[in-house]
Amino acid sequence: MKTQVAIIGSGPAGLLLGQLLSKAGIDNIIIEAQDKEYILGRIRAGVLEHVTTDLLRQAGAGERMDKEGLVHQGFNLYFNNRCERIDFCKLTGGKTVTVYGQTELTKDLMDVREAGTYQTIYHAKNVELHDVTTNTPFVTYQKNGEQHRVDCDFIAGCDGFHGVSRPTIPPEIRNEYEYAYPFGWLGILADVPPVDEEVVYGHHEDGFVLCSMRSKTRSRYYVQVPIDEKVEDWSEERFWNELKHRLPDELAEKVVTGPALEMSIAPLRSFVCEPMQHGSLFLAGDSAHIVPPTGAKGLNLAAGDAKRLFEGFEQFYLHNSRASLNNYSPECLDRVWKAERFSWWMTSLFHKLDDNPFSRKIQQAELEYLTGSEAGKTTIAENFVGLD
Ligand code: RFL
Ligand code: PHB
């Protein structure tokens with residue numbers, strides 16, 4: 001097989017890039033290790049910035065999001081037994097975010113891709129990247145016991161944190177910056193009305209709590225747990241009790257409980273790989289960087305990379321210039337590190353970091369300071385809606 005851009009991975013980064021390329025008439029093939037059902041079974045992000053909603057529309061997959069997505073203008077911070085609303089719309093001159101699940105976004109992108117002509121190969125095993133420092137790279141994989149080869153001009157490594165693309169960059173060229181937090185998030189998804197119309201981030205002495213949603217009838221809640229916690233040790237009842245315990249009374253009273261559609265623990269990690277390009281290989285999304293979910297940035301960063309990489313390919317194929325592709329890595333890294341900083345900071349501000357009450361008092365003082373200052377609130381707001 002031959003194509004212009006071989007895309008490894010069919011998560012949001014790969015699907016968005018594939019759809020933008022397809023619309024511009026640039027030939028591409030997506031090579032994915034899992035099957036569709038597995039990918040759509042993963043419950044992940046929920047908060048979409050403008051960059052992501054705009055891109056979804058540009059990709060021709062925004063129709064359902066525009067109908068069903070919930071547009072939010074603010075969120076709530078709970079600490080010291082009180083609530084502060086951050087009106088990020090007002091503080092940023094009109095910017096909003098849209099609450100729409102990653103599962104739905106992925107499904108919409110898969111649907112438009114299937115309606116088009118470009119191929120997705122699911123269930124590709126032993127995917128390997130070859131000759132990435134030449135202008136004639138290729139990808140090999142196995143499917144149904146047979147070996148396949150895809151020749152291409154470029155490879156887009158959109159295969160997530162555990163993919164094969166990043167390790168293809170030789171260790172002597174690759175710089176990896178990593179911080180693994182000593183805690184994770186235990187999340188529940190349930191068909192019950194959300195406790196609040198807006199997302200709620202809570203600081204409690206027993207740990208962080210987050211109330212989010214997927215729709216007006218589907219809630220997504222998280223509580224901070226130690227990193228070695230096992231999901232099997234959490235009954236649904238234990239989860240609901242812990243959630244209510246960490247929320248202020250007026251909110252806890254409003255929690256509607258119900259059977260879990262999903263319950264899982266996600267570890268928290270900050271990670272950046274530099275550079276994000278090696279020869280004909282370009283990394284995009286979680287394959288190049290990970291943020292803890294506290295700032296809701298991961299999927300939005302992946303979308304930002306897909307947009308930037310598409311612009312590079314467009315310049316190359318339609319205007320015969322490699323300049324934009326050559327600047328891909330430094331330009332992305334500038335944006336990525338700012339989101340890394342915000343996600344790390346939000347995580348440090350809201351989570352129980354240790355058993356020392358001094359740490360908690362400092363966090364409370366910082367939250368008091370920030371929410372008591374217009375400049376402080378604007379800092380939170382402009383980072384949350386996404387820096388330009
Ligand atoms: P993905 O989604 O991991 O997709 C990678 C794809 O590559 C495939 N793959 C391979 N394919 C071929 N060969 C191989 N060897 C392969 N190895 C892997 C995988 O099967 C998969 O299909 O990466 P992508 O596209 O970069 O997208 C990134 C986002 O998924 C991620 O950043 C977000 O989910 C992070 N995130 C959030 N981001 C937000 O912007 N807003 C949020 O509100 C938000 N909440 C979250 C989150 C992540 C969470 N978890 C589970 C860590 C909440 C949670 C709990
Ligand atoms: C979610 O809805 O899953 C969600 C919301 C906000 C975050 C992280 C996850 O910061």
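**Figure 1. Polar contacts of ligand 1.** A polar contact is a pair of N or O atoms within 3.5 Å. The model shown is predicted. In this model, a polar atom in the side chain of D286 is 2.7 Å from an oxygen atom of ligand 1. Two further contacts involve the protein backbone. A backbone N or O atom of G46 is found 3.1 Å from an oxygen atom of the ligand, and a polar backbone atom of P12 lies 3.2 Å from an oxygen atom of ligand 1. On its own, ligand 1 exposes 1100 Å², and 88% of that area is buried by the protein.

**Figure 2. The shell of residues around ligand 1.** There are 34 residues around ligand 1, and those that come nearest are E32, R42, Q102, D286 and L299. Sorted by class, the shell consists of 17 nonpolar, 11 polar and 6 charged residues. Two elements, α1 (12-23) and α10, each give two or more residues to this shell. Of the elements, α10 gives the most, with 4 residues.

**Figure 3. Polar contacts of ligand 2.** An N or O atom in the side chain of S212 is 2.6 Å from an oxygen atom of the ligand. For Y222, a polar side-chain atom is 2.7 Å from an oxygen atom of ligand 2. The side chain of R214 has an N or O atom 2.8 Å from an oxygen atom of ligand 2. Taken alone, ligand 2 exposes 280 Å², of which the protein buries 97%.

**Figure 4. The shell of residues around ligand 2.** Ligand 2 is surrounded by 13 residues, with Y201, S212, R214, Y222 and P293 the closest. At least two residues of the shell come from each of the strands β15 (209-213) and β16 (219-226). The shell has 7 nonpolar, 3 polar and 3 charged residues.

**Figure 5. The nonpolar cores.** The largest nonpolar core is made up of 66 residues. Within this core, L17, I31, L309 and F313 have the most contacts. Helix α10, which spans residues 298-319, contributes the most to the core, with 8 residues.

**Figure 6. The surroundings of F313.** F313 is one of the residues with the most contacts inside the largest nonpolar core. When neighbours within four places in sequence are left aside, F313 is in contact with V5, L17, L21, I26, F154, F282, L318 and L325. One of these, L17, is also listed with F313 among the residues with the most contacts in the core.

**Figure 7. S287 in a loop.** S287 lies in the loop that runs between β19 (281-283) and β20 (289-290). Its relative accessible area is 0%, so S287 is buried. A polar atom of the S287 side chain lies 2.8 Å from the backbone oxygen of G157. Not counting residues up to four places away in sequence, S287 touches G157, D159, G160, F161 and R166.

**Figure 8. A266 in strand β17.** A266 belongs to strand β17, which covers residues 260-274. This residue has a relative accessible area of 35% and is therefore partly exposed. Apart from neighbours within four places in sequence, A266 is in contact with G184 and W185. The C-alpha atoms of A266 and K95 are separated by 29 Å, and the two residues are 171 residues apart along the chain.

Figure 9. E274 and P275 are joined by a cis peptide bond, with omega about -5°. P275 is in the loop between β17 and β18 (277-278).

Figure 10. N81 is not a glycine, yet its phi is positive, at about 60°. The residue sits in the loop between β5 (75-79) and β6 (82-86). N81 is exposed because its relative accessible area, 75%, is over the 50% cut-off. A296, also a residue other than glycine, has a positive phi near 55°. Its place is the loop between β20 and α10. A296 is buried because its relative accessible area, 17%, is under the 20% cut-off.

Terms used
Residues are numbered from 1 along each chain as its sequence is written. Chains are lettered from A and ligands numbered from 1 in the order in which they are written. This is a predicted model: local features need pLDDT of at least 70, side-chain atom pairs count only at pLDDT 80 or more; totals for chains, interfaces and linings use all residues. Side-chain values use heavy atoms; hydrogens and water are left out. A nonpolar core is a set of buried Ala, Val, Leu, Ile, Met, Phe, Trp, Tyr and Cys residues joined through side-chain atoms within 4.5 Å. Buried means under 20% relative accessible area, exposed over 50%, partly exposed in between (1.4 Å probe, protein chains only). Contact means heavy atoms within 4.5 Å. A residue is near a molecule or strand if one of its heavy atoms lies within 4 Å of it. A polar contact is a pair of N or O atoms within 3.5 Å; within protein, one must be able to donate a hydrogen and the other to accept it, and residues adjacent in sequence count only if both atoms are side-chain atoms. Accessible areas come from the Shrake-Rupley method with a 1.4 Å probe; for residues, only the protein chains shown count as cover. Ala, Val, Leu, Ile, Met, Phe, Trp, Tyr, Cys and Pro count as nonpolar, Asp, Glu, Lys and Arg as charged, and the others, Gly among them, as polar.
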